[in-house]
Amino acid sequence: MLTIDEIRQAHERIADTLSPTPVLPEAFLSSAMSRRILLKCELFQQTGSFKPRGGLNWIRTAEDAELSRGLGAVSAGNHALGLAWAAQAVGVDVTIVMPESASDFKVQGTRHLGAEVILHGDINDAWELMHRLVEERGLTLVHPYDDLRVIAGQGTVGLEILEQVPEAGTLVCPVGGGGLIAGIAVAARALRPDIRIIGVEPEGAASMQAAWAHHGPYRLPSVETCAKSLGAAIVGEYTYPLCRQHVDALVTISEAAILQATQHLLTRTKLFAEPGAAVGIAALLEGRLPDPLPDGDIVLVITGGNMGLDELATLLPSK
């Protein structure tokens with residue numbers, strides 16, 4: 001379905017525009033665990049998350065007929081920003097349906113990049129509306145995670161990690177719809193078959209866990225989590241089998257643990273990361289990673305940092 005060669009081609013395709021993001025040491029957790037903990041800081045990518053990788057690879061592999069109809073997408077925010085940014089450079093119209101609970105910071109940022117944003121219901125309602133718009137307007141749907149071109153672009157994160165940290169023993173990645181971890185897992189497994197790959201989901205949006213339990217994508221009736229960037233109600237027809245084949249373990253994290261981890265990133269590492277980016281830290285702080293872990297460094301993907309100051313205020317402990 002997806003090969004390391006396709007991910008390498010995606011890397012070559014986007015490298016002139018998207019620079020590698022840094023890997024930074026996490027001193028507090030490294031000391032506590034007596035091993036090196038490193039953070040792959042995708043919050044420093046264009047638009048503040050890893051999403052432009054997949055969006056730009058999609059745009060640069062699209063046919064003229066796909067682009068000329070205009071693009072449509074559903075997103076809680078980061079895919080909206082990444083796709084709008086990639087499309088703006090080539091003058092392609094984009095319509096994004098976002099759930100009404102979406103961050104105003106992400107909504108306004110997406111509009112600033114020239115996209116039409118429609119706020120509608122919850123994430124399931126947003127998908128229903130987008131499917132209607134695709135039929136009515138003839139839009140080309142760019143799925144936020146269940147598209148092999150998007151997954152290949154996200155997989156470039158995995159290539160960078162193993163180039164920057166060749167001694168990595170464990171990769172820990174947040175999971176929403178599964179596009180990022182699927183791409184990373186294909187790249188990492190091809191280059192380092194012995195590496196451990198662990199996905200982390202919020203308890204209130206554990207769509208990949210549900211898929212594993214039901215042996216295929218299973219739609220959650222509702223999604224409730226502060227980690228809105230991980231709020232996919234169902235994983236993909238591509239992302240599920242890729243993760244089932246290449247991901248070693250999935251863990252879920254409580255809302256309280258996610259908030260604590262977000263505060264940890266703000267205060268201990270000085271990273272302005274959104275809650276969805278903090279779930280790997282939460283898994284470490286809660287001792288939820290499966291034992292034993294292999295030797296080597298533990299690399300956590302910090303997926304994004306898109307939140308406004310009003311959102312930050314809700315994450316801080318009250319006195």
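Helix α11 packs through its buried residues against α8 (148-164), α9 (179-191), β8 (196-202) and α10 (207-214); contact means heavy atoms within 4.5 Å. The model is predicted, so local features need pLDDT of at least 70, side-chain atom pairs count only at pLDDT 80 or more, and totals for chains, interfaces and linings use all residues. Residues are numbered from 1 along each chain as its sequence is written, and side-chain values use heavy atoms, without hydrogens and water. Helices (H or I, at least four residues) and strands (E, at least two) are DSSP runs, numbered from the N terminus.

Helix α11 spans residues 239-246, and its buried residues are T239, Y240, L242, C243 and H246. Buried means under 20% relative accessible area (1.4 Å probe, protein chains only). Viewed down the axis of α11, these residues fall within an arc of 170°, so they line one face of the helix. The arc is taken from the directions from the helix axis to the C-beta atoms.

Strand β4 (residues 94-98) is mostly covered, with five of its five residues buried. V94, I96 and M98 lie on one side; T95 and V97 lie on the other. In a regular strand the side chains alternate between the two faces of the sheet.

Strand β3 (residues 71-74) runs parallel to β4, joined by four bridges. Pairing requires at least two DSSP bridges between two strands. G72 stands opposite T95 in β4. Together, β3, helix α5 (residues 78-88) and β4 make a right-handed β-α-β unit. Right-handed means that, with the strands pointing away from the viewer, the path from the first strand over the helix to the second runs clockwise. From β4, the chain crosses through helix α6 (residues 104-112) to β5 in a right-handed β-α-β crossover. Four bridges join β4 to β5 (residues 116-119), and the two run parallel. M98 has L119 as its bridge partner in β5.

Notes: Buried < 20%, exposed > 50% of the residue type's maximum accessible area, 1.4 Å probe, protein only.
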